[in-house]
Amino acid sequence: MEINTPFFKQRAHDALKDENLQKALGNLKAGFPEKRAIAVERMPEFEELRNQGRDLKNHILEHLDLYLEQFESKVIENGGQVHWARTSEDANRIILDLCKQVDAKTVTKGKSMVTEEIGLNDFLEANGVQPVETDLGEYILQLRGDHPSHIIAPAIHLNLEDVSETFHKHHNRPKSDDPAVLMQEAREVLRDKFVAADVGITGANFCVAETGSTIIVTNEGNGDLTQTLPKTHIVVTSIEKVVPTLEDMTLFLRLLARSATGQEFTVYNTLSTGSRREGDQDGPENFHVVLVDNGRSEMVGSEFQDMLRCIRCSACMNHCPVYGAVGGHSYGWVYPGPMGSVLTPQMIGIEKGGMLPNASTFCGKCESVCPVKIPLPKLMRHWREDEFQKHLQPKAARYGLAGWAFLAKRPTLYKPYTRMASWFMKRLAGKKGRIKKLPLAGGWTDWRDMPAPQGTTFMQAWKEQQKAGEQP
Amino acid sequence: MPNTPSGPRVGLFVTCLADMFRPSVAFATVKLLEQAGCSVEVPERQTCCGQPAFNSGDRKTTADIARQTIDAFDGYEYVVGPSGSCIGMLHYYPEVFDPADSYYQRALDLKSRSFEITSFLFDVIGADVLQDQLKQLQFNHKVTYHDSCSGLRQMGIKQQPRQLLQQVQGIELEEMEEAETCCGFGGTFCVKYPEISNRMVSNKTDYISNTGAHTLLGGDLGCLLNMAGKLKREGKQVEARHVVEILAGMTDIPAIGEADYDLAQQL
């Protein structure tokens, strides 16, 4: 996928002016956060589950090699194959080869952010294999030549009218504004695609080491048809998704559904274990798991290891005031919101991704709702440290910081300087008590007044008061 | 000067915004601490908590300022300031030192001694310590309270200012929608991403004015300057004050961004 992250500011500017988008984003708040709050309220032990989730993920990351190898051997035992992909290019090549082996013309796809990350659709299409997205949101986006703006509600940036228009254009049917009619329309169109597909590609929410199973959770059931009807099922997932046991998996399922949509459990929880056995009524003849690394193993043991706990629930972006203002496309690549602001610089480089970890007030709401307690603001701060060391921040910011630091480290210089600044701003405000336009502070005064200082500093006033108090 | 204090010796962490923009907030803090029986001192060698450096990724400057602050506040039983964000920064100091560094232990020690003012009064000194003084105060207005992010999520400040405020006569607290959502200040964020910050603070001022409150209260001057500045620009008739101004009975001083007031001439 094209990287537009360096243009975050411009994209945010456009997003704030886009009335349609703002209308769509308005629906987000009333949706996920409120439902999550109700679900959490109903589960007194939720906080304890978060601790368990965090601790278990930490344990897994300490023994990642062990669990991945156990997972691989179990998949093989069940008649499947595991393919290790260090980079996106490796993953795409492996998947294309597997499609070619069965002479695939079309592949159906369940929702998968990892396939977005590696740019699979474009790659398959360029190589003569037609991917068909079957998740409703993803399907709409594919018709529009668009990309997800949210990791679990990919088309959240669109309104009903947009979908109605898109279907009318592509389905050659009468235009409808009724969601039920539109849904039925998608169902009918997709049904033929499911049957025709040679390969089904899904992601995985978790990979279970003890059984060699992968699991997908969906609310539409499209994933089940994607993975059971074609002869070949390819699971494309990433190395940090492995969990030791089925029981461990259920801990994360409980955390995931509540954190994501406020459901107690997702509607469809579908496990895939190996290829079809004799006597099985359905299932694929060929079962492949492609384990994508793409920078993740570099995060193990680094200051960013905590990020690998992420279970892709989207709670961080659902609660993020910055995401809520500008939407997911502003972030300019695959992963938006706070989790994207940590992950994106790892995958596209801090030189291109630096805008994102800076676009945060560190309000901490993301961390407070994260089901595995990832310290997202702290990790964003680590990226800023990386930028600082590499001198990547804009010159004005660097010099401004250096000037301020020079004074802040010298109390005897700092005091007269702040006194002068206070006096100067007070004079600038005149009788009004506030400043409409402050030189060098347009970022502030273009949008809001600057309340005037009280004319001197506390340090000075305190000193004078103490002196006066000592006199008889 | 107050009566001879019997309580703890407290070092006031003024915070750079109170120092430069609103000394009356620091004076109100001193007054409350003295009412609570503390003896208050203002260490000369303090400047800023170092948060701008910390959040810009400049660890060296952060550590330099942390050392300066740790030295300045050596020996005080408590360190108290009128900001959850700045005191929260003091709580981050252990993170900027290697555990082998002699300042690491001292940073942990400072962390254990430092408190935001409403939390100090309510959690450390005790809920009823100021009840006699607060009962004598009168503020016949509807107020609404913004929970600043660091205070709320890092320092656990939610009930403390509300419980103290409710002891003031005549005050009516009306909670706004999304009181716990960031106002868009975020230190340098508001000038690095002004348009996004503007959207966030505009949402906030809508929620504030929807309550019909006469006064917006909060515990952090950064957020208050941001919200007050936006309220003024929008021509909204809501006053903004730091919570300590109410608790210390210092509401004769004009609210943030209101008419002319010259502290220098009052001295």
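Reader: How much area is buried between chain B and chain A?
Author: About 6400 Å², with carbon and sulfur atoms giving 59% of that. Keep in mind this is a predicted model.

Reader: And how many residues are in contact there?
Author: On the chain B side 78 residues, and on the chain A side 73.

Reader: What about salt bridges between chain B and chain A, how many?
Author: Four. One of them joins the side chains of Glu44(B) and Lys415(A), at 2.9 Å from N to O.

Reader: Which helix gives the largest share of the side of chain B that touches chain A?
Author: Helix α12 of chain B, residues 194–210, with nine residues. By class, that side of chain B has 40 nonpolar, 17 polar and 21 charged residues.

Reader: Switching to chain B on its own, where are its domains?
Author: Domain 1 covers 9–122 and domain 2 covers 127–258. Their centres, over C-alpha atoms, are 22 Å apart.

Reader: How much do domain 1 and domain 2 of chain B bury between them?
Author: About 2500 Å², 70% of it on carbon and sulfur atoms. On the domain 1 side, Arg22(B), Thr118(B) and Phe122(B) lose the most area, together 28% of what that side buries.

Reader: What does Arg22(B) form a salt bridge with?
Author: With Glu245(B), the closest N and O atoms being 2.8 Å apart. The count between these two domains of chain B is one salt bridge, plus nine residue pairs in polar contact.

Reader: Which element gives the most to the domain 1 side there?
Author: α2(B), with eight residues.

Definitions and conventions
Residues numbered from 1 in each chain as written. Chains lettered and ligands numbered in written order. Predicted model: local features only at pLDDT ≥ 70, side-chain atom pairs only at ≥ 80, totals over all residues. Heavy atoms only, no water. Contact = heavy atoms within 4.5 Å. Buried area = accessible area lost by both parts, 1.4 Å probe. Helix = DSSP H or I, 4+ residues; strand = E, 2+ residues; numbered from the N terminus. Nonpolar A, V, L, I, M, F, W, Y, C, P; charged D, E, K, R; others polar. Domains from an automatic or database assignment. Polar contact = N/O pair within 3.5 Å; in protein donor to acceptor, adjacent residues only side chain to side chain.
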